[in-house]
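Hi there,

After it you will find my notes on what turned up.

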Amino acid sequence: MSSTARGKQRNNDDYYVTPQWMVDEFIEHFNADYPQDKDAFVLDPCAGGCDKYEMSYPTVLQQHGFKHVETLDIRNDSRANFILDYLEPQLAPIYKLIITNPPFNCSAEIAEKAFKDVSTNGHIVMLQRLNWLGSKKRKSFWENAPLKHVYVHHKRAGFDPEKPSAKDSVEYAHFVFQRGYVGLSHISII
Ligand SMILES: C[S@@+](CC[C@H](N)C(=O)[O-])C[C@H]1O[C@@H](n2cnc3c(N)ncnc32)[C@H](O)[C@@H]1O
């Protein structure tokens, strides 16, 4: 994930820890623009966490009053409720919101799976580098993705809590999709 120190820091399953301030900043804006039902089912399909660190999204979502956050991750040492490969199981589309920072190497596949697992008109949110919008590989993904809003974080983040002062060298954004959305995409700098 980190564009500067990716080679050094990458582990097999692309585990990084999203800073909770970044999730909090996004949820504040997202919920103001698109008020969320806090009683609805929410899924974080790449929830992360380990013996040292909390799962960033579930922790912050709960602080914002979301009552039903389900968690899944492929790593055995994750704190998720279900340890499995999100790309494998067929899930019932019961989630009003699917939100995560997915592994970069299969980010588009994770998003496409989430488009199927979210309920009608539900939102899908993926944190990625701003240049996720580019590349030949993802052209067909973007041509078909129901992209509604891109929230660009003006403040650079670090994804290694062991090195709190090390910031990534690129901007990140929360990409918001909505099942069935066909209108123009909005951009906010937050
Ligand atoms: C970039 S980390 C982000 C972790 C957490 N979402 C966060 O924001 O702090 C990506 C996470 O996805 C998990 N992961 C990788 N491939 C996966 C898959 N196919 N299914 C579910 N989880 C996966 C990794 O184990 C890792 O915890």
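One term before we start: contact means heavy atoms within 4.5 Å. With that in mind, E25 is in contact with H153 and I190, leaving aside its neighbours within four places in sequence. Please keep in mind that this is a predicted model, in which local features need pLDDT of at least 70, side-chain atom pairs count only at pLDDT 80 or more, and totals for chains, interfaces and linings use all residues. Residues are numbered from 1 along each chain as its sequence is written, and side-chain values use heavy atoms, with hydrogens and water left out.

To stay with E25 for a moment, its place is in helix 2; helices (H or I, at least four residues) and strands (E, at least two) are DSSP runs, numbered from the N terminus. E25 has a relative accessible area of 18%, which means that it is buried. Buried here stands for under 20% relative accessible area, exposed for over 50% and partly exposed for what is in between, with a 1.4 Å probe and protein chains only. Between the C-alpha atoms of E25 and Q128, 103 residues apart along the chain, the separation is 15 Å.

Strand 4 (residues 95-100) runs parallel to its partner, strand 5 (residues 118-129), and five bridges join the two. In this pair, T100 stands opposite M126 of strand 5.

Helix 4 is largely enclosed by the rest of the structure, because eight of its eleven residues are buried. Those are S107, A108, I110, A111, K113, A114, F115 and D117. Helix 5 (139-144) is included in what covers them.

How do helix 2 and helix 3 pack, and at what angle? Helix 2 (residues 20-33) and helix 3 (residues 56-63) meet at about 45°, and their axes are 9 Å apart. That makes the two helices oblique to each other (under 35 degrees counts as roughly parallel, over 145 as roughly antiparallel, 65 to 115 as roughly perpendicular and the rest as oblique). From helix 2, Q20, V23, D24 and I27 meet S56, Y57, T59, V60, L61 and Q63 of helix 3.

Helix 3 is mostly covered, with six of its eight residues buried: S56, Y57, P58, T59, V60 and L61. These pack against helix 2 and several strands, including strand 1 (41-44) and strand 2 (68-73). After helix 3 comes G65, which has a positive phi, near 95°.

Last, a loop residue: S78 lies between strand 2 and strand 3. S78 is buried, with a relative accessible area of 9%. Not counting residues up to four places away in sequence, S78 touches G48, G49, D73 and I83.

Happy exploring!

Methods:
Two strands pair if DSSP finds at least two bridges between them. Axes are lines fitted to C-alpha atoms, for helices over the stretch in contact, and angles run from 0 to 180 degrees between N-to-C directions.
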